[in-house]
Amino acid sequence: MAESDNSKDLICVLWSGADILRSKMDANEYKDYLLGIVFYKYLSDSFLIKVYDLIYDEKPESLKTALDAYKKALEDENAEELKDQIKDECHYVIEPEMTYTCFADAARNNSFNREQLQKAFHNIEQSDPLFADLFTDIDLYSNRLGTGDRKQSDTISNLIKEIDRADLLNSDAEILGNAYEYLIGQFASETGKKAGEFYTPQAVSKILTRIAIDGQETKRGLSVYDPCMGSGSLLLNAKKYASKTNYIKYYGQELNTSTYNLARMNMFLHGIAPENQILRNGDTLDGDWPTGEETDFNMVLMNPPYSAKWSAAAGFLQDERFSDYGVLAPKSKADYAFLLHGLYHLKCNGTMAIVLPHGVLFRGAAEGKIREKLLRSGNIYAVIGLPANLFYNTSIPTCIVVLKKHRDGRDVLFIDASKKFEKGKKQNQMTDAHMDAVIHLYRKRETVEKEAYLADFEDIEKNDFNLNIPRYVDNFEKEEEIDLNALLDDMKQTDRELGQVQDEFAALLKNLTSSDENIMVSLNRYIGMIEG
């Protein structure tokens, strides 16, 4: 994350906005209010800056200046032309009284009206399919905001005032995007188990992305696809490692509607042009998507829900994603269904990286048959074991499976990165050095003692297509040999010291007296036991 003062200031403001809501509801609920209102401010501020630029061909000194210029321009005879022009560029139009700047003024003057904000949300949603139903998770009339109309309105009003301190006029998309990512990460930490629905820890995201983009960093028109995109953070990582970022096409699908909305906002806040984001709210396994012109991609990145249930209906055996394998992933574990979906959408020269539980490496029955077919076809390129307790929603160790299509070899690189972490309070952390070490082993693609093993197909066949990492990478640390003579000398010395202490203790006990005859009998008996 950018460490500039501007970025830190922005994070402080946004986080203090969270404080207003924290006592009223849990993080999984208040994240929708906070991130939604931040996003509306972003749309409003961007709109006013664009209007001012169209009128004067320069950046405004303040949002108030821009708003005044906009009001004045609307009185002009060319007002409709200006509105059409800005609609073409922004995909939406905000009336002056609906701008965030106006809402913030009203909040400061105690004249804020929730109905106006609700109407403003509705107007944005109606302006373009890009924004359809984007604010549905923000219930401005919820009892969680307070009891009664006045308290509820005050809560939103206070939040609007607080968020207005965020200087988006002088923050570029990267700073705002990073601040948003930071907030999502903090919400994941507070939310705990539910975080898995929308967040992949940055270390895992970075490793997945660096692997999938390897050798494609300079490609113009790079396409990246995440069929379980959550808040979109994993997709957006491609920007960090590609050189022609303006031409990246982002394809993503998400089942949870709230999380899908979060991903759409996240894309805009990172400055992704509308034509470069193709996102869908839907069930990845239930029906294939995308099925239009663009159906395969340079990079496929996935962190699907682990061992999720799915229908595994017989009809899926005719589905092109699964038909080559003769069997389906079991009903109780959809891991291979997600993997095969992703592989189906991978370009011939692309790379796919998916995070899954270790069970996919060795479980038998249908999963064993699918794994064998993938190995015989040379699709599995590498298997990387990650440290345990990296994720907010599970402490189980996971692995990254790297896949390719139509390559010459059938060898598999195994990397054991299970010990590459720093222990944290709640979660373990992988540092940049740990990540770099994994990528170095991946690129080197050769056997390194206790860290990596390049297995040829015969090795794997001998192991009955079991890919359990310890079968290939021996990370057993031999314990130091014990010097028996030194140990015996230590024991002898310890016995001497113990005898000395016992003698001193017995001497102290002999100084004790009591008029009670029974106590003295017990005391002398105890002294006798010590003296042996």
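**Strand 5 and strand 7.** I began with Met 352, whose bridge partner in strand 7 is Leu 403. Strand 5 (residues 346-357) and strand 7 (residues 398-403) pair in the antiparallel sense, over 6 bridges. I count two strands as paired if DSSP finds at least two bridges between them. Helices here are DSSP runs of H or I with at least four residues, strands are runs of E with at least two, and both are numbered from the N terminus.

**Ground rules.** This is a predicted model, so I took local features only at pLDDT of at least 70 and side-chain atom pairs only at pLDDT 80 or more, while totals for chains, interfaces and linings use all residues. Residues are numbered from 1 along each chain as its sequence is written, and side-chain values use heavy atoms, with hydrogens and water left out.

**Strand 8.** Is strand 8 enclosed or open? I found 5 of the 5 residues of strand 8 (residues 412-416) buried, so the rest of the structure largely encloses it. Buried means under 20% relative accessible area, exposed over 50%, and partly exposed in between (1.4 Å probe, protein chains only). Val 412, Phe 414 and Asp 416 point one way, and Leu 413 and Ile 415 the other. Strand 6 (residues 380-385) runs parallel to strand 8, joined by 4 bridges, with Val 383 opposite Phe 414. Strand 9 pairs with strand 8 in the antiparallel sense over 4 bridges, and there Ala 455 is the bridge partner of Val 412.

**Glu 125.** Glu 125 has no salt bridge, and the nearest side chain of opposite charge, Arg 264, is 6.6 Å away. Lys and Arg count as positive and Asp and Glu as negative, with His and the chain ends not counted. What does the side chain of Glu 125 reach? I see the backbone nitrogen of Leu 134 at 3.1 Å. Beyond its neighbours within four places in sequence, Glu 125 has contacts including Phe 131 and Thr 136.

**Salt bridges.** My tally for the structure is 25 salt bridges, each a side-chain nitrogen of Lys or Arg within 4 Å of a carboxyl oxygen of Asp or Glu. Asp 19 and Arg 22 make one at 2.1 Å, N to O; being 3 residues apart in helix 1 (residues 5-22), they are separated by about one helical turn. Asp 411 forms another with Arg 407, with the closest N and O atoms 2.9 Å apart. Arg 407 is buried at 17% relative accessible area, whereas Asp 411 is partly exposed at 21%. I also noted a network of salt bridges linking Lys 41, Asp 45, Asp 105, Arg 108 and Asp 164.

Notes:
Polar contact = N/O pair within 3.5 Å; in protein donor to acceptor, adjacent residues only side chain to side chain. Contact = heavy atoms within 4.5 Å.
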